[in-house]
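Please look over the sequence and the model before reading on.

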Amino acid sequence: MEIIIQPTPDAATNIAARLLARLIREKPASVLGLATGGTMEALYRQLVSMKLDWSKLTTFNLDEYVGLSPQHPQSYHSFMWEHLFSHVNIAIKSVNIPDGLAKDIPIACENYERKIFAAGGIDVQLLGIGTSGHIGFNEPTSSLASRTRIKTLTPQTLRDNARFFGNESGVPHHVITMGIGTILESRHCVLLAFGEKKARAIAEAVEGPITAMNPASALQLHPKVTVFLDEAAAAELKMKDYYRWVYEQKPGWQKI
Ligand code: F6R
């Protein structure tokens, strides 16, 4: 796991955007796994400003709320069009987001997995992290081998996401999310976390034991993970000086 600590969220976001831009330029037909949430907004703004060619890319989003139509302002469909897809030249047919209105959710989830496989798998999977340690919406005690499926959000996540819905009672209780097993199959996982609220979840995920109590800790099993943090999110890491040192020592050819 590579841990990149920057003084501010903007500085970390800029490096993450460069990493993604490089992939898009080197492999124009890449398959990207995308996330939503406050952390991703600046990243998508940055990517849009880079005027990259999205015409050959395929995307798969991590998750969607059950019961929200794509037009609902808080659906992750709406989020993605507002923050990214409306501003780049992606082909609509290449955008994949779980269907929150699917009549048969287990079948829709199986089909989503099949589509990822048929696309050749995910080259880079973007991830945020919840204060609960969730990645996607794999809440604590999710199976570390889980696949795309329906999950129930924790009261903690309902509280965290109330800010998008005006109040907690508006937040749907159920979601469709890629599983941890699905996420671990992507070729590169890129996680971004900013702010002191994420510090505990990050310390457990990076330096704690691998446990379903912190689903992001499963990333320790993945051979290629890059974690972008600001100082506040890195605050509880015991080895933070070492991570900084490693980043400073990076040979030129490895630099992002
Ligand atoms: C959303 C998702 C979630 C968020 C996480 C952090 O697609 O997968 O895991 O990344 O809840 O959300 P923010 O960035 O709003 O703190």
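How many bridges join β7 to strand β8, and in which sense do the two run? Four bridges join β7 to β8 (residues 174-177), and the two strands run antiparallel. The model is predicted, so that local features need pLDDT of at least 70 and side-chain atom pairs count only at pLDDT 80 or more, while totals for chains, interfaces and linings use all residues. Residues are numbered from 1 along each chain as its sequence is written, and side-chain values use heavy atoms, with hydrogens and water left out.

**Strands**

Strands (E, at least two residues) and helices (H or I, at least four) are DSSP runs numbered from the N terminus. Two strands pair if DSSP finds at least two bridges between them. β8 belongs to an open sheet of three strands, in the order β4-β8-β7, with antiparallel pairing. β4 (63-65) and β7 (149-152) are the edge strands, and each pairs on one side only. From one strand to the next, the twist averages 30 degrees; the axes are lines fitted to C-alpha atoms, for helices over the stretch in contact, and angles run from 0 to 180 degrees between N-to-C directions.

Strand β1 (residues 2-6) pairs with β10 (residues 225-230) in the parallel sense over five bridges. Four of the five residues of β1 are buried, where buried means under 20% relative accessible area, exposed over 50% and partly exposed in between (1.4 Å probe, protein chains only).

Two bridge partners are listed here.

| Residue | Bridge partner | Strand of partner |
|---|---|---|
| lysine 151 | valine 175 | β8 |
| glutamine 6 | aspartate 230 | β10 |

**Cavity**

A cavity is a set of points on a 1 Å grid over the protein atoms alone where a 1.4 Å probe fits but cannot get out; lining residues have an atom within 4 Å of a point. Grid points are joined across faces, edges and corners, and a volume is the space filled by probe spheres set on the points. The whole structure has one cavity of 30 Å³ or more, and the largest cavity has a volume of about 40 Å³. Its lining includes Met1, Leu191 and Val227. Helix α7 (residues 199-207) gives the largest share of that lining, three residues.

**Cysteines**

With a disulfide taken as a pair of cysteine sulfur atoms within 2.5 Å, the count is zero. The sulfur nearest to that of cysteine 109 belongs to cysteine 189, 19 Å away. Cysteine 109 is buried, at 3% relative accessible area, and cysteine 189 is buried at 0%.

Note on methods
On a 1 Å grid over the protein atoms alone, a cavity is a set of points where a 1.4 Å probe fits but cannot get out, and a pocket is an open set with protein on both sides within 12 Å along at least five of seven lines; lining residues have an atom within 4 Å of a point.
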